[in-house]
Amino acid sequence: MKYSYLLLLSLCLTISSCKIDAKKQSTDSIGTSTKDLIAETSTEEKKLIINPITHATMVLSYDNYDIYVDPTGGPEAFNGLSAPEIVLITDIHGDHMDFETLTALDLSNTTVIAPKAVVDKFPKGLKLGTSVTLNNGDSITINGHSFEAIPMYNLREEALKFHSKGRGNGYVLTINDERIYISGDTEDIPEMRALENIDKAFVCMNLPYTMTVESAVNAVLEFKPKQVYPYHYRGTEGFSDVENFKTLVNQGDESIKVVQLEWYKQ
């Protein structure tokens, strides 16, 4: 009788243990989105998530807060991402200002920030939550995040026709005390070189429209961001040599981390 009781107790403990293991296995197998993971962490542990889409287009996500930068590629390019709280547009060219994509996205609760040259081209049928015009030197704070418009323009005589000073914006964003620079289409202008305390910098480099790899390196070594992301590096002759960019930056300053993301799907 005692033996039977012990056998029954052992069997019950085994079944209970299996149930616990099965429950744990089921929980661990549930798919959790990046945003869910961010939401579960403490404020100090929350991090910015960078989603490269293509060329100049990206989504910056922080604490269920999405910022679309120069959205292009149609709504399918943003599958799996939430409707944006903020859209930043840098310039009037089609790889930055794509009204077909903007019209197809749900922007009913979105604030779109753009320079006057872009806002002036908004079609009448474009439905936005709010439109904010920022020109070079202007800034605005929305939901605790600040957005400052930085000049972007060409310096080389042969390239002046592409981007005139004052028309388009680069941006410096401050999110969770982190300063993020998005260059837009520019060369290594004095305003870029004068930037301070930049944590992350997205720097363009493609000819003939913006600047050479060497010019980008020279500017980065002057304003010294903690991290730099080469982007917008496809030109008329193909891709700029971003591996050489990384090599040259680190030869000049090993403390600057060069992060290479996949901007162009093969």
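1. Let's start with a sheet. Six strands form an open sheet in the order β1-β2-β3-β4-β5-β6, and their pairing is mixed. At the edges stand β1 (49–54) and β6; each has a single partner strand, so one side of each is left without a neighbour in the sheet. From one strand to the next, the twist averages 20°. Please keep in mind as you look around that this is a predicted model.

2. Now for the overall picture. The secondary structure of the chain comes to seven helices and 15 strands. The chain has 266 residues, and 45% of them count as buried. How many of the contacts between residues at least 6 apart in sequence join residues at least 24 apart? The share is 56%.

3. With strand β4 (residues 86–88), β5 pairs in the parallel sense over three bridges. You can find L88 standing opposite I113 in β5. Strand β6 (residues 130–133) also runs parallel to β5, and four bridges join the two. Here A114 stands opposite T133 in β6.

4. What do β4, α3 and β5 make together? They make a right-handed β-α-β unit.

5. Next, look at the two faces of β5. In a regular strand the side chains alternate between the two faces of the sheet. In β5, T111 and I113 are on one side, while V112 and A114 are on the other. Are these four residues buried or exposed? All of them are buried, and both faces of β5 are covered.

6. T110 deserves a point of its own. This residue is found in the loop between α3 (99–104) and β5 (111–114). T110 has a relative accessible area of 1%, and because buried means under 20%, T110 counts as buried. Which residues is T110 in contact with, leaving aside its neighbours within four places in sequence? They are P84, E85, I86, V87, L128, G129 and T130. Among these contacts, I86 and V87 are residues of strand β4, and T130 belongs to strand β6.

7. There is also a second sheet to explore. This open sheet has seven strands in the order β7-β8-β9-β10-β11-β12-β15, again with mixed pairing. Its edge strands are β7 (139–142) and β15, each of which pairs on one side only. Within this sheet, strand β8 (residues 145–152) and strand β9 (residues 168–175) run antiparallel and are joined by seven bridges. S146 stands opposite T174 in β9. Helix α6 packs on the sheet, where it touches β10, β11 and β12 (227–230). The direction of α6 makes about 160° with that of β11.

8. Helix α6 has a helix partner as well. α6 and helix α7 (residues 242–252) pack at an angle of about 35°, and their axes are 10 Å apart. The crossing in which α6 passes α7 is right-handed. Which residues meet here? From α6 come V213, E214, A216, V217, V220 and L221, and from α7 come N244, F245, L248, V249 and G252.

9. Finally, the aromatic rings. A search of the whole structure finds eleven aromatic pairs. One of them, Y181 with F223, is edge-to-face, at 5.9 Å centre to centre and 85° between the planes. Y181 sits in strand β10 (residues 178–182) and F223 in helix α6 (residues 213–223), so this pair links distant parts of the chain, 42 residues apart. Both Y181 and F223 are buried.

10. F202 and W263 form another edge-to-face pair, with 6.3 Å centre to centre and 90° between the planes. F202 lies in strand β11 (residues 200–203) and W263 in the segment after β15 (257–258), so the pair ties together parts that are 61 residues apart in sequence. F202 is buried at 0% relative accessibility, and W263 is buried with a relative accessible area of 0%. Together with Y229 and Y231, F202 and W263 form one aromatic cluster.

Methods: Residues numbered from 1 in each chain as written. Predicted model: local features only at pLDDT ≥ 70, side-chain atom pairs only at ≥ 80, totals over all residues. Heavy atoms only, no water. Buried < 20%, exposed > 50% of the residue type's maximum accessible area, 1.4 Å probe, protein only. Contact = heavy atoms within 4.5 Å. Phe/Tyr/Trp six-rings, centres within 6.5 Å; stacked < 30°, edge-to-face > 60°. Pairing = 2+ DSSP bridges. Right-handed = clockwise from strand over helix to strand, strands pointing away. Axes fitted to C-alpha atoms, helices over the stretch in contact; angles between N-to-C directions. Left-handed = near helix turned anticlockwise from the far one by under 90°.
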